[in-house]
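Here's a quick tour of one protein chain, from its overall build down to a few individual residues. Have the model open while you read.

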Amino acid sequence: VGSGFQFQRVSGTFTISGSIRTDVTVPALKEIFKEIKAISAKPMLTQELEKARNAQILSLPARFETNSGMSASMANIFAYDLGLDYYNGLANRFAAVTAKDTQTVAKKYLKPESMIVVGVGDKNKIQQQLKRLNMKLGQVEYRDADGNILK
């Protein structure tokens, strides 16, 4: 299971995704929502923050290893109006992020009550799992493989 923000010029999305066995759908969703609430409730542990920061900082050179990576990085500068020196100081900006900063952002953007849960698989099995979930997930929609709503 992984998560991340997809940035857009005006706004973007936050997604959490993973391959979860049908029989553990409910425990997985409970754990995901528990983690979302926890990051808003208290600052990250130092070790966890350092690991996340290092992952971002140490992956920066890979953005410039290939022609496509370089092109995508330059396209981001243009698309998001970042300024030509954006990548020069990015590692330092990542290094300056504090646990309190992550908590502030989580409180502002990670709203469990606004999140949409998408389950893919055997409808009957997933439906039974979700009924056992003691959370308000909103109205359930069923869709076919092309995304069309089933009645």
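## Contacts, layout and a pocket

Let's start with threonine 102: leaving aside neighbours within four places in sequence, threonine 102 is in contact with Met44, Leu49 and Val97. The model here is a predicted one. Threonine 102 belongs to helix H5, which covers residues 99–109. Is threonine 102 buried or exposed? Its relative accessible area is 16%, so threonine 102 counts as buried, given that the cut-off for buried is under 20%.

Now zoom out to the whole chain. The protein chain has six helices and two strands, and reading from the N terminus the order of elements is β-β-α-α-α-α-α-α.

As for burial, 17% of the 151 residues in the protein chain are buried. The accessible surface of the chain is about 11700 Å², and carbon and sulfur atoms hold 55% of that. Looking at contacts with a separation of 6 or more, 56% of them join residues 24 or more positions apart.

Back to single residues. Alanine 28 sits in helix H1, residues 25–41. With a relative accessible area of 17%, alanine 28 is buried. Threonine 13 is in strand E2, which takes in residues 13–17, and at 44% relative accessibility it is partly exposed. Not counting residues up to four places away in sequence, threonine 13 touches Gly4, Phe5 and Gln6.

| Pair | Apart in sequence | C-alpha to C-alpha |
|---|---|---|
| Alanine 28 and leucine 130 | 102 residues | 11 Å |
| Threonine 13 and isoleucine 36 | 23 residues | 15 Å |

Leucine 130 turns up again in the second largest pocket. Which residues lie nearest the centre of that pocket? They are Val117, Gly119, Leu130, Val140 and Glu141, out of 23 residues that line it. The space in this second largest pocket is about 680 Å³. Sorted by class, its lining has 13 nonpolar, five polar and five charged residues.

One last stop is a loop. Aspartate 81 lies between helix H3 (67–79) and helix H4 (90–95). What is the phi of aspartate 81? It is positive, at about 50°, although aspartate 81 is not a glycine. Aspartate 81 is also exposed, with a relative accessible area of 62%.

Note on methods
Residues are numbered from 1 along each chain as its sequence is written. This is a predicted model: local features need pLDDT of at least 70, side-chain atom pairs count only at pLDDT 80 or more; totals for chains, interfaces and linings use all residues. Side-chain values use heavy atoms; hydrogens and water are left out. On a 1 Å grid over the protein atoms alone, a cavity is a set of points where a 1.4 Å probe fits but cannot get out, and a pocket is an open set with protein on both sides within 12 Å along at least five of seven lines; lining residues have an atom within 4 Å of a point. Grid points are joined across faces, edges and corners, and a volume is the space filled by probe spheres set on the points. Ala, Val, Leu, Ile, Met, Phe, Trp, Tyr, Cys and Pro count as nonpolar, Asp, Glu, Lys and Arg as charged, and the others, Gly among them, as polar. Helices (H or I, at least four residues) and strands (E, at least two) are DSSP runs, numbered from the N terminus. Buried means under 20% relative accessible area, exposed over 50%, partly exposed in between (1.4 Å probe, protein chains only). Contact means heavy atoms within 4.5 Å. Accessible areas come from the Shrake-Rupley method with a 1.4 Å probe; for residues, only the protein chains shown count as cover.
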